[in-house]
Amino acid sequence: MMAPPKKSGLLRLWFLALLAISFSASAIVIRDDVDDSKYRVPSSEFSALVDMPGEGHGVLIAPQWVVTAAHAVTWQSEIAQVTIAGVPRDVERLVIHPGYKKPPQNLLDQALATWDWTLFRVLLSSSDDIALLKLAQPVADVSPVAINKSDDEFGQIIKVIGKGATGNGVTGYEFSSSHRTELRRAYNKVTSADGRWLCYMFDKPSDALLLEGGSGSGDSGGPALLQTEKELLLAGVTSWSDPQSIDRTPGRYGQITCNVRLSHYKDWIENIIFKRP
């Protein structure tokens, strides 16, 4: 689709483009036969959504704590503030999971030269792509969302939310598309859930939910939500996608998106938040 870039300032753009393919789910990519207006929602749809500077998301899970994907924050030199419900909130500290593996430059260079992402994807899938941000002050005007602690995600319907790049399942979207657009939500069915990941596939309309969708660039760290009889639970945060497209275009039907599975990390999260050894 595009020639590999020269080693210049474009390298970061291509790294983010790669993340759009294999380590960052984008905004919401929608069905081609459903009007975009049906996917758009007001900010009040999910007030616990956290906007990272520039792009990427997180979710408020305690009055003073935000969970996100590690790669959504480690590409920036500093996260001094995030935005919740339209209000800037100062960040006190960032906690990256010790099992997070940032891809080395030489592996990225090889993949860009040959377009063989096999080893790159192996590294990403074996990484603990999760981080916590402690806010300087507790949030009093937004209710946190509880994480799902049960390993019952397989086969369930999840709701995904984000403001990243968008397109539809026929055309996908371009790497150069804006990574911060309008807030959208879509639904999908969990097709696999084990260990670090819970994943879903963006199905063609003949097999899809009425408002089925997938992820695109800029929504990394955004929520995958389960609606139970009693409450809305945070099952995962958006991490990486494999487009399953022969022309390397992300966002088309068949794309598989994997989310950090929070039931797998519940002990780590609680140990950090409650300062357990």
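In this predicted model, C199 and C258 are both buried. A disulfide joins these two cysteines, with an S to S distance of 2.1 Å. Other features described below include a closed barrel of six strands and a nonpolar core of 46 residues.

**The disulfide**

- The number of disulfides found is one, and the pair connects distant parts of the chain, 59 residues apart.
- C199 belongs to strand β10 (residues 197-201), whereas C258 belongs to strand β14 (residues 256-261).
- The disulfide of C199 and C258 is right-handed, because the torsion about its S-S bond is about 105 degrees.

**The barrel and the helix packed on it**

- Six strands form a closed barrel in the order β2-β3-β4-β7-β6-β5, and their pairing is antiparallel.
- On average, and with direction ignored, neighbouring strands of this sheet are turned by 45 degrees against each other.

**Nonpolar cores**

- The largest nonpolar core comprises 46 residues, and those with the most contacts inside it are I61, V67, V82, I84, L132, L234 and I269.
- When neighbours within four places in sequence are left aside, I84 is in contact with S47, L49, V50, L60, V66, R89, L135, V139 and V142.

**Strand β8 and its partners**

- Strand β8 (residues 157-162) is mostly covered, with five of its six residues buried.
- On one pairing, six bridges join β8 to strand β9 (residues 184-194), and the two run antiparallel; here I157 stands opposite K189 in β9.
- On another pairing, three bridges join β8 to strand β12 (residues 223-227), also in an antiparallel arrangement; the bridge partner of I158 in β12 is L226.

**Helix α3**

- In helix α3 (residues 105-114), the buried residues are L107, L108, A111 and L112.
- These buried residues line one face of α3, because they fall within an arc of 135 degrees when seen down the helix axis.
- The face turned away from the buried side of α3 carries A113 and T114, which are exposed.
- Just after α3, W115 takes a positive phi of about 60 degrees.

**Helix α4**

- Residues F120, L123 and L124 of helix α4 are buried.
- Seen down the axis of α4, its buried residues fall within an arc of 100 degrees, so they line one face of the helix.
- R121 also lies in α4, which spans residues 118-125.
- R121 counts as partly exposed because its relative accessibility is 22%, where buried would require a value under 20%.
- R121 and W240 are 119 residues apart along the chain, and their C-alpha atoms are separated by 9.2 Å.

Definitions and conventions: Residues are numbered from 1 along each chain as its sequence is written. This is a predicted model: local features need pLDDT of at least 70, side-chain atom pairs count only at pLDDT 80 or more; totals for chains, interfaces and linings use all residues. Side-chain values use heavy atoms; hydrogens and water are left out. A nonpolar core is a set of buried Ala, Val, Leu, Ile, Met, Phe, Trp, Tyr and Cys residues joined through side-chain atoms within 4.5 Å. Buried means under 20% relative accessible area, exposed over 50%, partly exposed in between (1.4 Å probe, protein chains only). Contact means heavy atoms within 4.5 Å. Helices (H or I, at least four residues) and strands (E, at least two) are DSSP runs, numbered from the N terminus. The arc is that of the directions from the helix axis to the C-beta atoms. Two strands pair if DSSP finds at least two bridges between them. Axes are lines fitted to C-alpha atoms, for helices over the stretch in contact, and angles run from 0 to 180 degrees between N-to-C directions. A disulfide is a pair of cysteine sulfur atoms within 2.5 Å.
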